Amino acid sequence: MNTKRLFGRLAAATLLISAFTTASEAQVQTHRVPAYTGPAKARSVPATRSYSTSSSSATDGVKFGIRAGANVSDWSGDAVNSVMDLAEYTNGAVTKEMKPGFYAGLYATLPLGPRFAIEPGVGYSEKGTVLNGRIPLEQFDFLNAKVTATARMAYLDIPVLAKAYLTDGLYVYAGPQASVLLSGKARVKASALGFSAFNTDFDIKDQFRPVDFSVVGGLGYQFQSGFGLSAGYDYGLTSLDKNNNFDAQNRVIKASLNYSF
């Protein structure tokens with residue numbers, strides 16, 4: 001085999017090898033796996049969350065709380081009407097006023113669903129009324145003589161309220177209430193010429209029923225922070241005099257600030 005033919009065969013073999021190599025590289029390039037860029041990261045799959053069907057206005061489980069505020073109270077009934085009828089004949093010498101007082105207590109809120117709850121409680125409440133009198137004669141006006149009689153009653157209120165949420169936070173409430181009489185006093189003050197002439201407390205607890213029953217109702221707003229505001233009205237159902245010598249019932253308007261925890 002001469003040299004010329006040998007080089008020709010080598011050249012042909014080289015061309016075949018080169019063509020095969022090129023085709024193989026092209027095929028590998030087509031199916032090339034992307035370069036490694038770091039540790040593989042698992043895709044985060046959101047965990048399945050269980051959402052409560054209750055609104056934010058409903059109580060999430062049993063809640064306890066404290067409440068404190070002010071009230072203004074009065075008496076209503078036939079006996080009071082008789083006093084006011086008599087006052088009309090005195091040309092304003094006798095007047096009746098609502099008595100301011102203090103209220104404070106504890107409560108528990110028991111949820112019945114997303115929009116309803118039962119709320120029993122217990123609280124101290126000051127109630128009563130005020131009568132003012134003066135001498136209805138002009139010739140004695142210079143004496144500036146005045147007499148004030150204040151019924152100062154203290155009760156332990158035990159309400160059981162049903163609460164219905166109208167919107168998130170806003171609710172109305174109503175229910176029965178029993179009130180146990182803790183103390184009952186009548187304070188009589190008399191003055192003339194700007195000086196106190198008489199100031200004495202009389203114990204009148206034995207003349208009043210030991211338990212008073214009423215219905216209460218009102219509205220309130222509970223904030224997400226736990227604080228809340230409420231205002232309501234107590235409408236007494238039973239006569240206060242245990243001997244039925246006079247007919248009078250408690251009437252109370254109250255407003256309070258509360259905190260649930």
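User: What is the relative accessible area of Asp168?

Analyst: Asp168 is partly exposed, a class that sits between buried (under 20% relative accessible area) and exposed (over 50%), with a 1.4 Å probe and protein chains only. Keep in mind that this is a predicted model, where local features need pLDDT of at least 70 and side-chain atom pairs count only at pLDDT 80 or more, while totals for chains, interfaces and linings use all residues. Residues are numbered from 1 along each chain as its sequence is written, and side-chain values use heavy atoms, with hydrogens and water left out. For Asp168 the relative accessible area is 40%.

User: With which residue does Asp168 form a salt bridge?

Analyst: A salt bridge here is a side-chain nitrogen of Lys or Arg within 4 Å of a carboxyl oxygen of Asp or Glu. The closest N and O atoms of the pair with Asp168 are 3.7 Å apart. Asp168 belongs to the loop between E4 and E5, and its partner, 53 residues apart, to the loop between E2 and E3; helices (H or I, at least four residues) and strands (E, at least two) are DSSP runs numbered from the N terminus.

User: Are Lys127 and Asp157 buried or exposed?

Analyst: These residues form a salt bridge too, with the closest N and O atoms 3.2 Å apart. Their pair links distant parts of the chain, with Lys127 in strand E3 and Asp157 in strand E4, 30 residues apart. Both Lys127 and Asp157 are buried.

User: How many bridges join E2 to E3?

Analyst: Two strands pair if DSSP finds at least two bridges between them. E2 and E3 run antiparallel and form a hairpin with 4 residues between them. Met98 stands opposite Thr129 in E3. The number of bridges joining E2 to E3 is 12.

User: In E2, which residue is the bridge partner of Val72?

Analyst: Strand E1 (residues 63-76) and strand E2 (residues 94-111) pair in the antiparallel sense over 11 bridges. In E2, the bridge partner of Val72 is Pro100.

User: What is the angle between the ring planes of Phe227 and Tyr259?

Analyst: Rings of Phe, Tyr and Trp (its six-membered ring) pair if their centres lie within 6.5 Å, and planes under 30 degrees apart count as stacked, over 60 as edge-to-face and the rest as tilted. By this rule there are 7 aromatic pairs, among them Tyr171 and Tyr173, whose ring centres are 6.5 Å apart with planes at 45°, so this pair is tilted. Phe227 and Tyr259 form an aromatic pair that is tilted as well, 4.7 Å centre to centre, and the angle between the planes is 55°.

User: Which element gives the most to the lining of the largest cavity?

Analyst: On a 1 Å grid over the protein atoms alone, a cavity is a set of points where a 1.4 Å probe fits but cannot get out, a pocket is an open set with protein on both sides within 12 Å along at least five of seven lines, and lining residues have an atom within 4 Å of a point. Grid points are joined across faces, edges and corners, and a volume is the space filled by probe spheres set on the points. The largest cavity holds about 230 Å³ of space, and of its 23 lining residues the closest to the centre are Arg67, Tyr103, Leu161, Tyr173 and Lys254. With 5 residues, the element that gives the most to this lining is E3.

User: How many nonpolar residues are in the lining of the second largest pocket?

Analyst: This pocket has a volume of about 300 Å³, and of its 18 lining residues Trp75, Thr129, Leu131, Ala151 and Phe246 are the closest to the centre. Ala, Val, Leu, Ile, Met, Phe, Trp, Tyr, Cys and Pro count as nonpolar, Asp, Glu, Lys and Arg as charged, and the others, Gly among them, as polar. Besides 3 polar and 2 charged residues, the nonpolar ones number 13.
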